[in-house]
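Me: I am new to this structure and would like to go through it step by step. Could we start with the overall form and then turn to the ligand?

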Amino acid sequence: MSDSIFSKIESILEEIKSANPQDAEQLENFRITYLGSKNILKGLFSHMKDIEPARKKDFGQMMNELKTTAQGVFDAKNTEIKNASRAESKNAEDYSKPPFPEAVGSRHPVSVVMNHMVDVFQRIGFVVSEDREIEDDWHNFTAMNTPEDHPARDMQDTFYLTNSIENLLRTHTSSVQSRVMTSSKPPIRIIAPGRVYRNETVSARSHCQFHQIEGLYIDKDVSFADMKQTLLYFAKEMYGAETKIRLRPSYFPFTEPSAEMDVWMGTETEKTKKLTKGTGWLEVLGCGMVDPNVLTNCGIDPEIYSGFAFGIGIERSAMQKYDIGDIRMLFENDIRFLNQFQSAL
Ligand code: DAH
């Protein structure tokens, strides 16, 4: 009887010595088997009573050896496995590795300028109002007091949708004016940034798509002086505190009186001379007092309310700011071009 117990102990000892747990899970199984609260060594101890007295001491020593060997194997493997997993996670975040730069995007120059302009108007209480690019004839033209036979309606200038002559790609953000006026009551103070389309030959100076910001302010007693002051503030924010503006009489179907605003650039440098065609004045936007017909068309009583509106082109400002000589570059999505604006906000 004793012999069989002793040989069992021998074989378990061999088992323990040759055990080779490879990961935390195998190590835990090893622990449960040989060192846990119900380990197999405990079962062997119950045979103590069957051992003849002379061999009881040997039995005790062998059982001890089993236990310490098991603990030794466990400790060694535990350290080994922990070190290995630490090394692995360290590898995953090795800060000493050479950097591999992420390809970060950059803001498009048109967005940079547009965001800046929007920000300037938001500071004085204008709210952004965006609307559709596919517009109907009424909101783009009719409501905006552009009669049927107006040259701007010519197929040359407007992209009409083939499925319905009623629908077109908006030719200006002024269409948002009629959208807002027909859906809300004064006071109205909005800016509408967005893309517009015209059926024009694409060249270095003009494109069939570009961006505008429309402004509209309607309330009781809004005057031309209010408009001038608002636009002067805008010009100073964009071009510097010393900026001078001039309003030149002009014509737009939807405003009366209408004007174009120029900003003084001077003629000192070759660049400003070229930009202003030698006059020193740069044309920046169209504006005017909202024509009473437009108010009536959109359900606002011109006897009670008045307002001003303006439309600013974005591309020209972006080209001037970043010295871009060809408007087509803004729409080609050439990474080599766009990458140059990574530092622009
Ligand atoms: N819609 C005009 C254009 O596309 C720009 C414009 C001029 C807008 C005068 C206005 C305005 O609101 O009052 O050229």
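Me: What radius of gyration does the protein have, and what would a compact globule of 345 residues have?
Reply: The protein has 41 Å, whereas a compact globule of 345 residues would have a radius near 20 Å. The radius is taken over C-alpha atoms, and the globule rule is 2.2 Å times the number of residues to the power 0.38. This is a predicted model, in which local features need pLDDT of at least 70 and side-chain atom pairs count only at pLDDT 80 or more, while totals for chains, interfaces and linings use all residues. Residues are numbered from 1 along each chain as its sequence is written, and side-chain values use heavy atoms, with hydrogens and water left out.

Me: What box do the C-alpha atoms fill?
Reply: Along the principal axes, the box is roughly 125 × 50 × 40 Å.

Me: How many helices and strands are there?
Reply: The protein has 12 helices and nine strands. These are DSSP runs numbered from the N terminus (helices: H or I, at least four residues; strands: E, at least two).

Me: Now the ligand. Which residues come nearest?
Reply: H172, S174, R198, Q212 and E214 come nearest, out of 15 residues around the ligand. A residue counts as near if one of its heavy atoms lies within 4 Å.

Me: Which elements give two or more residues to the shell?
Reply: They are strand 5 (209-219), strand 8 (281-290) and strand 9 (306-313).

Me: Is strand 8 buried or exposed?
Reply: Nine of its 10 residues are buried, so strand 8 is largely enclosed by the rest of the structure. Buried means under 20% relative accessible area, exposed over 50%, and partly exposed in between (1.4 Å probe, protein chains only).

Me: Which strands are joined to strand 8?
Reply: Strand 7 (residues 255-264) is joined to strand 8 by eight bridges, and the two run antiparallel. S258 stands opposite G288 in strand 8. Five bridges join strand 8 to strand 9, also antiparallel. Here M289 stands opposite F308 in strand 9. Two strands pair if DSSP finds at least two bridges between them.
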